[in-house]
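Biologist: I am new to reading protein models. Could you take me through one, feature by feature?

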Amino acid sequence: MNFRPHKFNSRIFFYVSGSCLLLLGGMFLLSGIVGLLYGERESVYFAYSFVIVALLGGIVAYRNRNFHTTISKKDGRLIVGLMWILIPLFGALPYAFDARDFSLTDAIFESYSGYTTTGASVLDDVESVSKAVLFYRSFTQWVGGLGFAILVIMFVRNFPEGAKNLFNAEFNSIEKEKDRPHIKNTVYKIFFIYLLFSIACCVLLSLGEMNVFEAVCNTFATISTGGFSVSNSNMGAYSDYSRNVVMVFMFLSGISYFLLIWLARGKFKKVFKDEQLLYYCSIIVICSLFLALYFVFVDNVPFFSGLKDSLFYIISTLSTTGFDLKVSGLGLFASTFLILLMFIGGCSASSSTGLKIIRLITLLKYIPVAIKRMFHPRAIIPVRYNGKALRDDEVSLVFGFFFLFFLIFLVGIMLLTVAGNSLLHSIALSAASISNVGPIMGSIAEGFSYSALGAGSKIVLIGLMLLGRLEIYALIAVFSPTVWQKD
């Protein structure tokens, strides 16, 4: 068969999509088994969904099994972007069958919120929902936190001439470490760390007051920095022990996988000198103390109690998990403070989303460089990260991303306001969705419920969630006519 490598490799996309639908079928099957163990009728919804995606995925993958294995950078962005549109759409099937709890719009919203690890939910009373549905929605976050590209590289098929482009399309970063020649080895290491954290978190939560089901679901939401909970009170329903366990793993999940790989290799000096990690820890410490003092002097909360709550909220927000303690009204200042933190996000190449700390560092370091260049126009003064000079095109990409991120945020505010939301709610919703921090909206806007939003608002939020999770470029590529043209 004759393939033209400069055109979009559609066969490989259909093969990958079919294979991912089969993996999705496995998720449906496992969730259905959970429902059977609890004797729930909702298991049949997962059975229907399994049959649909298994048949469709099997046919599509089989008919496109003979393909050219080359994946260009353009192919990588298009494949990843299209998968993130397609898989959550089919992932909404079990919700759609459950018409008692979900309308069609709500089913699609819940699915995209789960897979993008946003954690915004249309369910006001999660404790009345079946265990099968609760397990599945938490499982979607665990899979989404890992990323479809990693699952494809690991489980679908070896792509010797393109795995790196798939990986880079989902893990946008200016870090040089991601361009490793043996990307599949790196992917296996990332999966091992992700799985190890999941097992450790689940075991530790099980040692507290959580039963096994709660421990598993909260682990999925924690390691993925997703934020779905199985309690109406979110993390406010659990003891200090469980909150502390969750807090530790939220913190770890916001750290770059590459730093964790170096740590496992014993490169302690390299890890603890990493600028991104130092900024990450510094922001948490400084902001936690600042918010704790606010709680002490404004709300008359004891210092250690205020510090405990503020540390949880700061880590939850910065890691983009969004877990909520359900405290009564954070107040306008604290809410605004958390919204600003949402934008920053965690480290690059982690489960976290947002602008990412590496981009913040680049922007901050560019300021003195720009001033020096103004007075010394002939001097070569680069922006440095971890002692290495960044190329001008890398810095330009950071500025481009920063501009697009806030432009989309402002457009989101405008569209949500047009859809009938108040300006303050529109600002908070746009920030929470593009940063993939959903559940904490309950504390920022007391009495707020995603279920009360209109269909138009939910569609806008779905778009913001996708743009935030894919860090804009991969999704924009799907809708850019120039990308689909021949090179």
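Modeller: Start with one residue. T118 has a relative accessible area of 1%, so it is buried. Keep in mind that this is a predicted model.

Biologist: Where does T118 lie?

Modeller: T118 sits in the loop between α5 (104-115) and α6 (131-146).

Biologist: Which residues is T118 in contact with, leaving aside neighbours within four places in sequence?

Modeller: The list is S113, Q141, G226, A432, S433, N436, V437, G438, P439 and M465.

Biologist: How far apart are the C-alpha atoms of G420 and G456?

Modeller: Those C-alpha atoms are separated by 9.2 Å. Along the chain, G420 and G456 are 36 residues apart.

Biologist: How many of the residues of α21 are buried?

Modeller: Eleven of the 15 are buried, so α21 is largely enclosed by the rest of the structure. Among the buried residues are K458, L461, M465 and R469. M465 is also one of the contacts of T118.

Biologist: What follows α21?

Modeller: E471 does, and its phi is positive, near 55°. E471 lies in the loop between α21 and α22 (473-478).

Biologist: Is E471 buried or exposed?

Modeller: Here the cut-off for buried is under 20%. E471 has 4% relative accessibility, so it counts as buried.

Biologist: Which side chains make polar contacts with the side chain of E471?

Modeller: One is the side chain of K356, at 2.6 Å. R359 also joins E471 side chain to side chain, through a polar contact of 2.8 Å.

Biologist: Let me try the span check on α9. What should its 24 residues span?

Modeller: At 1.5 Å a residue, α9 should span 34 Å. Its end C-alpha atoms are 35 Å apart, which agrees.

Biologist: What covers the buried residues of α9?

Modeller: The cover includes α6, α7 (148-156), α8 (163-170), α10 (212-223), α11 (240-253) and α12. The buried residues of α9 include I190, I193, Y194 and F197.

Biologist: At what angle do α9 and α12 pack?

Modeller: Helix α9 (residues 183-206) and helix α12 (residues 257-264) pack at about 85°, with axes 10 Å apart. That angle makes α9 roughly perpendicular to α12.

Biologist: Which residues meet there?

Modeller: From α9 come T186, K189, I190, I193, Y194 and F197. From α12 come Y257, F258, L260 and I261. By class, this contact has eight nonpolar residues, one polar and one charged.

Biologist: One more pair. How do α14 and α16 pack?

Modeller: The angle between helix α14 (residues 275-299) and helix α16 (residues 332-344) is about 170°, and their axes are 11 Å apart. Therefore α14 is roughly antiparallel to α16. On the α14 side, the contact uses I283, C287, F290, L291 and Y294. On the α16 side, it uses F333, A334, F337, L338, L341 and I344.

Biologist: How do those residues divide by class?

Modeller: Eleven are nonpolar, with no polar and no charged residues.

Terms used. Residues numbered from 1 in each chain as written. Predicted model: local features only at pLDDT ≥ 70, side-chain atom pairs only at ≥ 80, totals over all residues. Heavy atoms only, no water. Axes fitted to C-alpha atoms, helices over the stretch in contact; angles between N-to-C directions. Helix = DSSP H or I, 4+ residues; strand = E, 2+ residues; numbered from the N terminus. Parallel < 35°, antiparallel > 145°, perpendicular 65-115°, else oblique. Contact = heavy atoms within 4.5 Å. Nonpolar A, V, L, I, M, F, W, Y, C, P; charged D, E, K, R; others polar. Buried < 20%, exposed > 50% of the residue type's maximum accessible area, 1.4 Å probe, protein only. Polar contact = N/O pair within 3.5 Å; in protein donor to acceptor, adjacent residues only side chain to side chain. Expected span 1.5 Å × (residues − 1).
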